[in-house]
Amino acid sequence: MAYIAPIHRPSSVRHAIKLNFLAPDEDCLVVAKANRLEFYTHGPDGLALQQSKAIYGKVTMLQKLRPAVSPTDHLFIGTDRFMYFTLSWNAEKKQLQTEKTFESVTDNAAREAQTGERCHIDPSGRFMTLEVYEGIITVIPLVPRGKKRKQEPDFAHLGEPQPIRVPEMFVRSSAFLRPRSQDDKPSLALLYEDTHSQLRLKLRELSFSGGDSIDLDEGDHYRGELEVGATHLIPIEEPTYGLVILGETSIGYYDDNTGDLTVEPLEDATIFVAWERVDAQRFAFADDYGRLYLFMLVLDDDGRVQSWKLHVIGQTSRASVLVYLDAGYIFVGSHQGDSQVIRITERSMEVVQTFSNIAPILDFTIMDMGNRSGEGQTNEYSSGQARIVTGSGAYQDGSLRSVRSGVGLEDLGVLGEMEHISNIFSLRSASSTDFEDTLLVTFVNESRVFRFDPQGEVEEVEEFAGLSLSETTLAASNLSQGRVVQATSTRVQITDLDGGMVVAEWTPSGGQTITAASANDSCVVVSLGGVTIVALSIDGGLNLLKEKTFGVDSQVACIALAPSSDSFCFLGFWQNSRLDVCSLSTLEAITSVQISEDSVPRSILLTQIFPDQPPTLFVAMADGNVVTYFMDPSTQQLLGKKSIVLGTQQANFRALPRGGGIYNVFATCEHPSLIYGSEGRLVYSAVTAENATTVCSFDSEAYPGSVAIATSEDLRIALVDPERTTHVQTLKVDETVRRITYSPSLKAFGLGTIKRILKAGEEILISAFKLVDEIMFKELDTYQLNEAELIECVMRCELNDGSGDLAERFVVGTAYLDDQAAVAERGRILVLEATEDRMLKLVCELGVKGGCRCLAICEGKIVAALIKTVIIYDFEYKTASKPELIKAASYRCSTAPIDVTVNGPVISIADLMKSVVVLQYKRGDAGLSDTMVEIARHYQTSWATAVAEVDEDTYLESDAEGNLLVLYRDPNGATADDKKRLNVSSEMLLGEMVNRIRRIDVATAPDAVIVPRAFMATVEGSIYLFGLIAPSYQNLLMTLQSNLADLVRSPGDIPFSKFRAYKTQVREADEPSRFVDGDLIERFLDESDEVQRKAVEGLGVDVESVRGIVEGLRRLH
C-alpha cells in the first residue's frame, strides 16, 4: 500500500487570465499551476494572493464568461481528463461555487490536438469553441437559438457541447475575428497545415441551423502563400479589424474585407511563443529566447493598417502566457523560469515582482536528510529537513534550486565564537525604551553582558545594572520601575537599572545551592537542590511567600511560573512523572496529573498559542516526548492531553512573541522545532537551526523581531519565520542543468549542462560537465564536450585508483547529435577525477555505438544503459597509469532503457515502451564471463520515465502519461512464470510526468504509520514524498480516503476516484488502487467537526485519534 504527499507544490505556469472574479469592480488574475488555481489581486505592492484551490484535474484551458444576471465574471475551466465546468465566487461564503458542469466530451476514436487545447468565445457572446481533438471543433452555444445576447437581460444559459468535424486537422492557431457589424456571423479563423505540409488560412462562420444544432460553414480561404513558420493569429479591434499573423521571419496583416495579406520581414528571425493585447493598436510579444517585444500598428487617416513597429524592450523568463494587468504592468507566466510582473517604461521594462518556479525539474539530488541522518534516531520526524537540490528550468532560465521545507532561519550576524553557553536572556538597559538592547549570556561558572547600539554595533561590558556576573545565571528579566531581577546559583537579587544598586536580595540558608529558578513580574520561584521550593514576592522587595521541603522521595525535577500570574506555579516531579499546579501561597497542589509511565518532566512552559482560547501548557519529557495540555485559567484544570515525539533527548522551551499577545514556542533539542498555532491546531515544524542549544527573543532596534541563538560553538542573531514554509534558494546557471550529482567529500556538485546560443540566426547547443562549489555555488572547473555532443547522464562513484584503494570519480555519459554512419561512435563514457585543488582531470574515456542514457554502479562495476543495450563495464588498470573500461556483460532491452536503478546485484531498468524489467548480475566462475539474467518483468505496455526500488522486490515506476505504479515480485511464487512476473500492487494517476525518483532510507519508529521510501520530482515543478503504509494502518487510511472523497467536494464536482484513476491510451481504471493521496487525507484537519465525525464512521477509532494520525502525516513532509 502506497502513500504520496507533496513537499513542493507545482509552480509551473502555463495558463493565466484576467477577469472581474472576486468583485465587480476589481481585476483578478487567475493563474493555473497544474491542478491548482491561484487568485491574485493587483495593488500598489504588486500581486497579492487572495485564494488558492486545488481542483481534480490538470488545467488545460481558462476562459471568462459574463452572464447578464451576474455582477462578476464566471471562470470556464477545462482539464486534461476532458472535464469542463464554470466557477463563480460566492462573496458571502468566501469560496468557489460550481455553476455548470459538462460531462466529458471525450472522443476515444479521435486524436488529441498536437498543438495544445484552445478555447475561444466569439465577440458577440453567442458561441464558445473548444479545440481538443484534431479535426473536431466542439461548439457550446451561450444563448438559446433565436435570441441575441443584448436582448437577453436574464441571460444565464450555457448549452450542451456539439462536436463538429472539420477537414482542417493540424491547426496551429485559431481566433475569432472582430465583427464589423452586429449582424455579422461569428467568423473563426484557422491557421493550419494541409496534407502537403503547406500552411493555409481559412475562415469559418458559425450559425444556428435547424433546431438547436450549429453549423460551421466554410468561409473565405486565403489562396496565397503563407510563411512556413507562422504560429499565431491575433484578431485586431476596430477600426482596422482583420488579423495579424506572426511568423518566424515575418509579420503579416490579413484584411478580411479585401482578402489581402501584407507581409513585412523581421530584422532577426525568432520564434514567438506568446502575445497579449495592450490596447487596440499595441501588443506585447514574447519569444522562445526570453525577449519581450512591444508591437504597434501604424494606421493611415482612414484607420487602415499602413505598417507596424516592433521593438525589443527587455529580457524576461521564457513566457508561456502574457496577461496585461493595467497601467503598463504585464504578468509573464513561465513554465521554464520564474514568473514575473514587469512594468513597461519608455522603450524598456523593469521586473517589479518575481514568483519562484522550479519547473521543469530535470534531475535532483538529496544533499542531506537533515535531522533524519542522526545516529540512533528512532522518530519519524520530518522529511522536510531534507535538503533537495534540483536542476530546474531550461536554457537561459536554467538554474540550481535548493528546496527545503520547514521554518526558515536567516542569520543576521555572529557575535563570536563561544562554547558551553547554558542560557541567554534579553534585557532592556533603560525603562524608557521599548527595545531589548542587552544580552545576558550565561556559562557554567560566569555570565557575560553584550550591549547593542541602535545601529547594531555590539560591545561586551564588564558591569551591567549591578548584576552578579561571576556565577551562572538561572533567570533574569526586566521589572517595572526600571529594575531587573536576577537569580543565580547562590542568590536572588533585584537591582536598579540606573545606578546598579541592589534593591533587594535573598540568599538560601545554610549555604544551599539554587538549582533552578523561574521569574515573572510579580514572583520568583526557586528550587534548592530539587528538595526545597521557595516562592518569593517581588512587590516591596523579595518577601518570602512560602518555603516547602518535599523530601528525598519526591524531588522536584523542574519548575515554572505562569507569565503573568501571581497565584500559582508548576512543579514537575521525578517520582511517578507527576506534574502539580500549586498555589504560590501554600505550595500545595491545586491540580495534579501523571504525565507518563516511562519518563519524567524536565522543562515546563505555559503560554498563549491561540487567540480566544485557554493558554497551552508544554511539558518536555526526558525521553524526547513533548506533552501538551489546555489549562483552564479559572480552575487551573489541565485538559486535552496530547503527546508527540520530538527526538530522543529532552527539549527546552522558549516563548517567542508573535504579536497581539500570541506566542510561538521554540524547542531546542537534537531536532530544533518551532511550535505554533494554525487553524486551531498545534503545528510542530523543523527549524534549520542545527546545533542550537538555547534561544531567546531579542526585539532590538537594529534587529527588530529577531532571536538570539546559542549553538555549541557560537552566539548569533537571526530571524525565524513565524511558521513553516517551503524555502527555495536559487542559483542562476543560464544553462539547462540536465543532470546533477553531489559529492559530500568534495563539498561540490557535478552538473551536466547544455547551453544554447544563437549565431547568425542558427541555434547552437554546447554541452559541458561542471564542478560547482556547494556553498558559494562558484564554478570550480569545466570539462567541455565535443561539438554536437550532449551530456546524457552523470554519476558520482568510487573506483579503483590503480593502487588497490578506492577513489572518488565522476562518470559522464554522452550522445552525439549529428547523423554519423551506424558504425561510428554515437556517444562516449568519460571517467573524470577531481584533483586536490578541485579541478577536473580525464582518467579514461570509451566511445560507444549508442548514446549513453543512464549510469549506475553495481558491485564496483559501471552499468551503462546505451540506446538499446545495458552493458556492465570493468574499470581496470592494464598499466599503472592508464585505466580502461572493459565490457563484462550485456543485455538487450525491448526498446530503449530510460532509467536504471541498482540495489546490490539487482538491476532494475525502466524501458521506453515496455515498463520495467529486473536483471540480476552474476560474476563468472572458473573463467566464465559475467552475465546479466532477467529475473522479472512487467508485461504491461507502459511508457516509463523513471523507476526506483522502494523495498525488497518492490518497485515504483512512473510513466509519460502521469501515472504511478507500484510493482512487486514474488520470489516464492508457485510456478516459474509467477516468480518472473512483476505484479501491480498499487496504481494511480498523479497527473504530472515524473522525471526522476530517488530512493531514501530513513529510520522510523516501530509504530510509524508511513515509512518514507522515495522523493519524486516532476515536469510541473512538484516534489513528492512517497511512502509505504504500515499494514496495521492500511484499512484505516483507505477507508478514511474513501469517506473524505464522498464528503469533500472539489470545484467542478469532479469525483476524486475519477481524478486519481489510472489512465493510459491502452487502459483506464475506475479508481486508484491501493494508493492513498496525502493531500486529501490532510484536508481532514481543515474540515468542520461534523464532516470529521462523518469521515471517521466505520474506522473503529474516534475523531481525536484520527486527528493525531493525520497531524503526524502532515509533519512527514
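The chat below takes those topics in turn.

Me: What kind of model is this, predicted or experimental?
Reply: This is a predicted model.

Me: OK, charges. Which residues form the negative surface patch?
Reply: The patch is made up of Asp184, Glu205, Asp215, Asp217 and Asp220.

Me: Which strand gives the most to it?
Reply: Strand E17, residues 214–222, which contributes three residues to the negative patch.

Me: And where does Glu205 sit?
Reply: Glu205 is in strand E16, residues 199–208. Its relative accessible area is 32%, so Glu205 is partly exposed.

Me: Switching to cysteines. How many disulfides are there?
Reply: The count is zero.

Me: Is Cys558 buried or exposed, then?
Reply: Buried, with a relative accessible area of 6%.

Me: What about Cys854?
Reply: Cys854 is in no disulfide either. The nearest cysteine sulfur belongs to Cys793 and is 6.2 Å away. Cys854 counts as buried, at 5% relative accessibility.

Me: Backbone next. Which peptide bond into Pro239 is cis?
Reply: The one from Glu238 to Pro239, with omega near 5°. Pro239 is in the loop between strand E18 (232–235) and strand E19 (243–246).

Me: And what is omega for Ala359 to Pro360?
Reply: Omega there is near -20°, and the bond is cis. Pro360 is placed in the loop between strand E29 (348–355) and strand E30 (361–368).

Me: What is phi for Ala788?
Reply: About 65°, a positive value, although Ala788 is not a glycine. Ala788 lies in the loop between strand E65 (779–784) and strand E66 (789–800). With a relative accessible area of 21%, Ala788 is partly exposed.

Me: Last one: where is Arg1074?
Reply: Arg1074 is in the loop between helix H3 (1056–1060) and strand E85 (1075–1077). Its phi is positive, near 50°. Arg1074 is partly exposed, with a relative accessible area of 38%.

Conventions
Residues numbered from 1 in each chain as written. Predicted model: local features only at pLDDT ≥ 70, side-chain atom pairs only at ≥ 80, totals over all residues. Heavy atoms only, no water. Patch = residues over 30% accessible without salt bridge, like charges linked within 9 Å, V, L, I, M, F, W, Y side chains within 5 Å. Areas by Shrake-Rupley, 256 points an atom, 1.4 Å probe, with all protein chains shown as cover. Salt bridge = Lys/Arg side-chain N within 4 Å of Asp/Glu carboxyl O. Lys, Arg positive; Asp, Glu negative; His and termini not counted. Charge placed at Lys NZ, Arg CZ, Asp CG, Glu CD. Helix = DSSP H or I, 4+ residues; strand = E, 2+ residues; numbered from the N terminus. Buried < 20%, exposed > 50% of the residue type's maximum accessible area, 1.4 Å probe, protein only. Disulfide = S-S within 2.5 Å.
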